[in-house]
Amino acid sequence: MPPRAYYNENNSYAVQWLKNLIQKQLITTGEVDERPIQDVKPSDLKPFTRCHFFAGIAGWDLALTSSNWPIDKPVWTGSCPCQPFSTAGKRLQFADERHLWPFWFHLVSVCRPPVVLGEQVANGSGPWLDLVCSDLESADYAVGAAVLPAAGVGAPHIRDRVFFVAQSNREGKHGLPVDAEVAAIPQPVADPHSSRSSLRRESQLLGQCAPSQRSGWWSVEPRVGRVVDGFPTRAQRLRAYGNAIVPQAAQVFIEAYLTCAP
């Protein structure tokens with residue numbers, strides 16, 4: 001049996017979208033878990049090689065495949081909700097209940113995947129990225145990050161996003177705790193009163209990251225189909241597209257990592 005992918009997504013519309021993509025063999029064959037990430041246990045992830053959290057419409061899986069990421073090379077991906085940190089929102093930051101990084105990091109720290117890839121809105125996400133880097137480095141991961149715009153891969157809009165990669169510095173079997181101490185880490189609870197210091201890191205790992213050669217430009221209007229206002233799935237479709245990563249930008253980031261990965 002080929003390695004399977006795990007997709008964690010609790011938006012019902014996106015869940016069905018993922019299932020349709022799997023059925024049509026447009027993304028890696030796998031299972032879709034509709035539970036909130038807070039309910040996912042480390043042991044649930046043992047059978048899987050690719051684990052996608054906040055999976056949306058599978059942009060990360062498409063980017064991995066387009067980058068020729070080996071199908072048997074373990075990797076985790078995720079795009080945590082941006083609403084707590086985006087300048088377009090209320091900016092409650094760590095006090096926002098949608099700040100779900102602590103729950104994802106709990107799974108990372110127990111299962112210790114060798115490579116973790118993630119993404120976040122660039123504008124206003126500095127404190128979030130500081131926390132992510134601090135947590136991952138405390139768990140013996142080396143972390144690199146870069147801001148890439150959609151315009152860098154030919155789109156006629158900016159859409160800056162910060163991409164990060166974390167590589168484990170400790171050997172461990174994917175899906176299993178390294179030791180009893182790590183396995184005993186309690187399930188996290190988001191702390192709205194966190195006083196964690198902000199230490200901005202300027203990554204050198206991907207300092208030479210540059211867009212791949214692309215031919216032509218995308219259409220000015222993405223081909224999302226014309227829909228009538230009030231059409232039952234209009235809002236869900238637009239939300240799914242809006243929350244999705246630009247796979248081509250993620251592909252550039254992954255390819256840059258692969259050129260310097262050991």
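I began with a definition: two strands pair if DSSP finds at least two bridges between them, while strands (E, at least two residues) and helices (H or I, at least four) are DSSP runs numbered from the N terminus. I note that this is a predicted model, in which local features need pLDDT of at least 70, side-chain atom pairs count only at pLDDT 80 or more, and totals for chains, interfaces and linings use all residues. Residues are numbered from 1 along each chain as its sequence is written, and side-chain values use heavy atoms, with hydrogens and water left out.

**Entry 1, the sheet.** I looked up β4 (residues 75-78) and found that it runs parallel to β5 (residues 115-121), to which three bridges join it; Trp76 has Val116 of β5 as its bridge partner. I then traced the whole open sheet, where seven strands with mixed pairing follow the order β2-β1-β3-β4-β5-β7-β6. Because β2 (30-33) and β6 (141-148) stand at the edges with a single partner strand each, one side of each has no neighbour in the sheet.

I found helix α1 (residues 12-23) lying across β1 (4-8) and β2, and running at about 170° to β2 (axes are lines fitted to C-alpha atoms, for helices over the stretch in contact, and angles run from 0 to 180 degrees between N-to-C directions).

I looked up α2 (residues 59-66) and α7 (residues 247-260), whose axes come within 8 Å and cross at roughly 50°. That makes α2 oblique to α7, since angles under 35 degrees count as roughly parallel, over 145 as roughly antiparallel, 65 to 115 as roughly perpendicular and the rest as oblique. The contact (heavy atoms within 4.5 Å) involves residues including Trp60 and Leu64 of α2 and Ala250 and Ile254 of α7.

I looked for nonpolar cores, which are sets of buried Ala, Val, Leu, Ile, Met, Phe, Trp, Tyr and Cys residues joined through side-chain atoms within 4.5 Å; buried means under 20% relative accessible area, exposed over 50%, and partly exposed in between (1.4 Å probe, protein chains only). The largest has 32 residues, and among those touching the most other members are Trp76, Trp101 and Phe164. Its largest share, seven residues, comes from α3.

I placed Asp44 in the loop between β2 and β3, and at 26% relative accessibility Asp44 counts as partly exposed. Leaving aside neighbours within four places in sequence, Asp44 is in contact with Arg35 and Asp39.
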